[in-house]
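Please find below a note on the structure under review.

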Amino acid sequence: MSIPRRLSDAAGMFAPLIGAGPGLGTLVAEVALRPVEDSDLDALFEQMRDPESVWMAAFTVEDPDDRTAFDVHMAKVRTSPEVTTRAVTADGRLVGSVASFVIEGNTEVTYWIDRSFWGQGFAGRALALLLESVPVRPLFARVASDNVRSLKVLQKAGFAITGTEISFANGRNMEIEETILRLDEPAKTAPSDVSSRERRTY
Ligand SMILES: CC(C)(COP(=O)(O)OP(=O)(O)OC[C@H]1O[C@@H](n2cnc3c(N)ncnc32)[C@H](O)[C@@H]1OP(=O)(O)O)[C@@H](O)C(=O)NCCC(=O)NCCS
């Protein structure tokens with residue numbers, strides 16, 4: 001799946017978002033979801049063409065530098081009834097995106113966090129929030145088998161591995177193994193640092 005600006009350019013201006021990692025109990029940024037706004041698009045575009053991120057995600061658009069194609073794609077996913085696309089914010093600052101979309105009759109999830117914000121639990125909390133707002137089950141996800149971070153995020157949310165496939169990955173210009181995961185359970189309770197205020201934001 002795929003959707004999101006070079007937050008990293010702006011990130012240098014940002015104060016630290018957290019003082020301790022997720023689960024450590026203090027100073028955890030408030031993660032929320034909201035509809036994508038026009039003013040998010042520059043940042044989401046830059047974020048989604050970051051080479052390291054593209055390599056990790058692997059199953060990306062053909063040309064992550066094609067702004068016209070990005071704008072066409074975003075206009076489509078922001079209006080399609082089969083797609084739920086949300087901006088991910090941490091303490092009100094845009095840090096990424098998360099989405100569900102229908103492909104070949106199955107609903108899949110995907111997410112993308114700006115590289116400058118990795119490792120702070122934002123993907124995990126964003127996915128938990130999305131799973132509360134998208135009641136469809138089963139839900140599916142497809143991940144490059146070496147994308148360990150993403151596999152952890154999905155498995156922590158309750159997704160189980162159902163198989164693997166070899167597919168062509170635009171982000172690496174080669175065939176690689178992808179892992180297919182499935183979620184049958186209702187949403188788990190959102191992590192304790194996700195407040196009820198946040199859950200009302202989308
Ligand atoms: C994958 C991605 C969304 C993860 O975002 P994130 O906000 O850093 O994820 P989280 O912090 O919520 O969780 C990452 C998990 O990976 C673990 N992790 C962090 N660094 C790691 C590393 N180098 N190797 C293995 N695991 C690592 C973290 O400990 C965490 O697991 P835990 O919750 O059990 O502690 C982010 O790296 C990204 O956007 N990548 C590019 C796009 C992409 O790959 N999207 C997914 C397509 S399927």
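This is a predicted model: local features need pLDDT of at least 70, side-chain atom pairs count only at pLDDT 80 or more; totals for chains, interfaces and linings use all residues.

1. The chain contains seven helices and seven strands. Of the 202 residues in the chain, 38% are buried.

2. The sheet. Seven strands make up an open sheet, and their order in it is β1-β2-β3-β4-β5-β7-β6. The pairing within this sheet is mixed. At the edges stand β1 (31-35) and β6 (160-169), each of which has a single partner strand, so one side of each is left without a neighbour in the sheet. From one strand to the next, the twist averages 30 degrees.

3. Strand β4 and its two partners. Strand β3 (residues 93-103) pairs with β4 in the antiparallel sense, over eight bridges. Within this pairing, V102 stands opposite T107 in β4. The hairpin of β3 and β4 has two residues between the strands, and E104 there takes a positive phi near 50 degrees. Strand β4 is also joined to β5 (residues 139-144), in this case by two bridges, and these two strands run parallel. The bridge partner of T107 in β5 is L139, while E108 stands opposite F140 in β5. T107 therefore has a place in both pairings, opposite V102 and with L139 as its partner in β5, given that two strands pair if DSSP finds at least two bridges between them.

4. The nonpolar core. The largest nonpolar core has 43 residues, and those with the most contacts inside it are V88, F122, A126 and L127. Helix α5 gives the largest share of this core, namely eight residues. In general, nonpolar side chains tend to be buried together in soluble globular proteins. Which residues does V88 touch, not counting residues up to four places away in sequence? They are V31, L33, V95, G96, S97, V98, I113, F122 and A126.

5. L41 in helix α2. L41 is found in helix α2 (residues 41-47). Is L41 buried or partly exposed? It is partly exposed, because 18 other C-beta atoms lie within 10 Å of its own, whereas a buried residue would need 20 or more. L41 and R67 are 26 residues apart in sequence, and their C-alpha atoms are 9.9 Å apart in space.

6. H73 in helix α4. H73 lies in helix α4 (residues 67-79). With 15 C-beta neighbours inside 10 Å, H73 counts as partly exposed, since that class lies between 12 or fewer for exposed and 20 or more for buried. Along the chain, H73 and V61 are twelve residues apart, and their C-alpha atoms are separated by 9.9 Å.

Terms used: Residues are numbered from 1 along each chain as its sequence is written. Helices (H or I, at least four residues) and strands (E, at least two) are DSSP runs, numbered from the N terminus. A nonpolar core is a set of buried Ala, Val, Leu, Ile, Met, Phe, Trp, Tyr and Cys residues joined through C-beta atoms within 7 Å. Two residues are in contact if their C-beta atoms, placed from the backbone, lie within 7 Å. Axes are lines fitted to C-alpha atoms, for helices over the stretch in contact, and angles run from 0 to 180 degrees between N-to-C directions.
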